[in-house]
Amino acid sequence: MSDHCYDLVADCRLRAATDLFAHTWDPVVLAALRPGPRRRRELRAAIGGISDKVLTEALHRLLANGLLTRHAHAESPPRVEYDLTSLGQSLVDGPMQALARWTIEHGDELFDAQESAGGLRQTR
């Protein structure tokens, strides 16, 4: 990281990267697209528990961040597919994979600490 990140943490690129995980469903949508392009209904089925409104919001944020592409096929009825861009793929295969490995290794410790602090225990 460059020196200015330490002086102005709010302006740091690290903040921009961590903002990608600020919305609960965004990483879930990215993970659901890891196998390849999917239509909205396929995404909802693969994710489970996500409302259409929340999925729409997540797709818009991910598109705006350059992590997804939206491809409308010229067919009748119209067909739209979403897919990871190379940037999105690098996020899924890099930091998200590292976070998944960390969670597998340290998830019990994390949940135990939360429980000890009086927080609600997450479902394992």
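Two strands pair if DSSP finds at least two bridges between them. The legends below refer to a predicted model.

**View 1. Strand 1 and strand 2 form a hairpin.** Strand 1 covers residues 68–73, and strand 2 covers residues 79–84. The two strands run antiparallel and are joined by six bridges.

**View 2. A cis peptide bond links S76 to P77.** The omega angle of this bond is about 0°. P77 belongs to the loop that lies between strand 1 and strand 2.

View 3. The side chain of R79 is in polar contact with the side chain of E75, at 2.9 Å. Leaving aside residues up to four places away in sequence, R79 touches R39, H71, A72 and H73.

**View 4. Helix 4 and helix 5 in contact.** Helix 4 spans residues 40–47 and helix 5 spans residues 52–64. Their axes come within 11 Å and cross at roughly 110°. Angles of 65 to 115 degrees count as roughly perpendicular, and the two helices are therefore roughly perpendicular to each other.

**View 5. Residues at the contact of helix 4 with helix 5.** Helix 4 contributes R40, L43 and R44. From helix 5 come D52, L55, T56 and L59. Three of the contact residues are nonpolar, one is polar and three are charged.

Conventions:
Residues numbered from 1 in each chain as written. Predicted model: local features only at pLDDT ≥ 70, side-chain atom pairs only at ≥ 80, totals over all residues. Heavy atoms only, no water. Axes fitted to C-alpha atoms, helices over the stretch in contact; angles between N-to-C directions. Helix = DSSP H or I, 4+ residues; strand = E, 2+ residues; numbered from the N terminus. Parallel < 35°, antiparallel > 145°, perpendicular 65-115°, else oblique. Contact = heavy atoms within 4.5 Å. Nonpolar A, V, L, I, M, F, W, Y, C, P; charged D, E, K, R; others polar. Polar contact = N/O pair within 3.5 Å; in protein donor to acceptor, adjacent residues only side chain to side chain.
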